[in-house]
Amino acid sequence: MSITLMADHEYAARYLADGQVKVEGYPVDIVWPQTGAGSVYAQLFGDPPYDVMVIPMTNYLIALDRGEKITGIPVFPDVSFPHLGAQTTTQSGIVKPKDLEGKKVGIRGWGFNPGTWMRGILSEQYNVDLTKIEWVEAEPNSLMHVEYPRDTRFNISKGGDQIQELESGQLDAVFFDRTGPSLSGSRRLLFQDPLLEAMNFYEQFSFFPVNVMLVAKTSVLDANPGLASAILTACNTAREIYYDEVSDDDEHMGLPVSWLKANKLFPHRNGFRENLKSIEAIVRYTYNLGLISKEFSAASLFSEECIN
């Protein structure tokens, strides 16, 4: 019986998706949901539709905290700085991050991974008191039918179309993923120069935030010793081909490859030790927001095959 592995037709993953790179030694079929990865995120809770899935980091941590039988593989298909997706409006009165206190701020969901990164960064990098913000989560989102903690320190309400609510003044700011929607009307960036802010963060904390990772059914890894390391090897091979072929004129997850190279952010490597600081930070941010009941050790999140 074949093992199903999610891989998209973009960036390094496309070399797996088109069959140029294979997971050696195992009967692996590459799949991708027609409606996109987000359509299956919630199915991680209960009965995952695929044996190895692409899942946001916070979703994975919440699922582990609920006792789901899943194990991480240190492959990170998506990395980005959340600074780039933070938008506000000219009428909001927000000119710096600290001004978010006392305002209404939209996020796709309370456990939304880019929103978790942005909140953690606001607290650590800019000393913003997150309890003084009224948080508004949009629906639908990938965790809307999942029961997970809502810390009473935070004021959380429900919202709708975040672009419309931002432009109408119902929201003062929104944390979108990647670079967010194109600016129009009164919408503007929270950070006047988000790339500069991203580099300031990188220089201070020395890591590139990871957004999604590979997560496998523990039962499948147990039944197939060596599978986790074989998947990691295949993904690394695909990534090396991508790095050899990508042009400086291309974009990578919303950012120019030339800019990423100039700032020593490209190529980005998979691996546990290579991303340890980022892993520890997202665990800390998720825990500090009360989304999980314990602060997992980084090593406990991944298959031992991929750590030793």
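Biologist: Which helix gives the largest share of the lining of the second largest pocket?
Modeller: Helix 9, with 3 residues. Helices are DSSP runs of H or I of at least four residues, strands are runs of E of at least two, and both are numbered from the N terminus. This is a predicted model: local features need pLDDT of at least 70, side-chain atom pairs count only at pLDDT 80 or more, and totals for chains, interfaces and linings use all residues. Residues are numbered from 1 along each chain as its sequence is written, and side-chain values use heavy atoms, without hydrogens and water.

Biologist: What makes a residue part of the lining of a pocket?
Modeller: An atom within 4 Å of a pocket point. The points lie on a 1 Å grid over the protein atoms alone, where a 1.4 Å probe fits; a pocket is an open set with protein on both sides within 12 Å along at least five of seven lines. The second largest pocket has 15 lining residues, and Tyr202, Phe208, His268, Glu274 and Asn275 lie nearest its centre. Its space is about 210 Å³.

Biologist: Which residues lie nearest the centre of the largest pocket?
Modeller: Tyr41, Val54, Asp78, Arg178 and Val212, out of 44 lining residues. Strand 1 (3–6), strand 3, strand 4 (70–79), helix 3 (113–126), strand 11 and helix 7 each give two or more residues to that lining. The pocket holds about 820 Å³ of space, a volume filled by probe spheres set on the points, which are joined across faces, edges and corners.

Biologist: Why is strand 3 called largely enclosed?
Modeller: Because 5 of its 5 residues, 52–56, are buried. Buried means under 20% relative accessible area, exposed over 50%, and partly exposed in between (1.4 Å probe, protein chains only). Val52, Val54 and Pro56 point one way, Met53 and Ile55 the other.

Biologist: What makes strand 3 and strand 11 a pair?
Modeller: Pairing takes at least two DSSP bridges between two strands. Strand 3 and strand 11 (residues 210–217) have 5 bridges, in the antiparallel sense. Valine 54 has leucine 214 as its bridge partner in strand 11.

Biologist: Why is the contact of lysine 96 with aspartate 99 called a salt bridge?
Modeller: A salt bridge needs a side-chain nitrogen of Lys or Arg within 4 Å of a carboxyl oxygen of Asp or Glu. Here the closest N and O atoms are 2.9 Å apart, so the pair qualifies. The structure holds 16 salt bridges.

Biologist: Are lysine 96 and aspartate 99 buried or partly exposed?
Modeller: Lysine 96 has 43% relative accessibility, so it counts as partly exposed. Aspartate 99 has 18%, so it counts as buried.

Biologist: How do you know that glutamate 134 and lysine 104 form a salt bridge?
Modeller: Their closest N and O atoms are 3.9 Å apart, so they fall within the 4 Å limit. Glutamate 134 is in strand 7 (residues 134–138) and lysine 104 in strand 6 (residues 104–107), so the pair ties together parts 30 residues apart in sequence.

Biologist: What makes the salt bridge of glutamate 240 and arginine 269 a link between distant parts of the chain?
Modeller: The side chains meet at 2.1 Å, N to O. Glutamate 240 lies in helix 7 (residues 227–245), and arginine 269 in the loop between helix 8 (257–262) and helix 9 (276–288), 29 residues apart.
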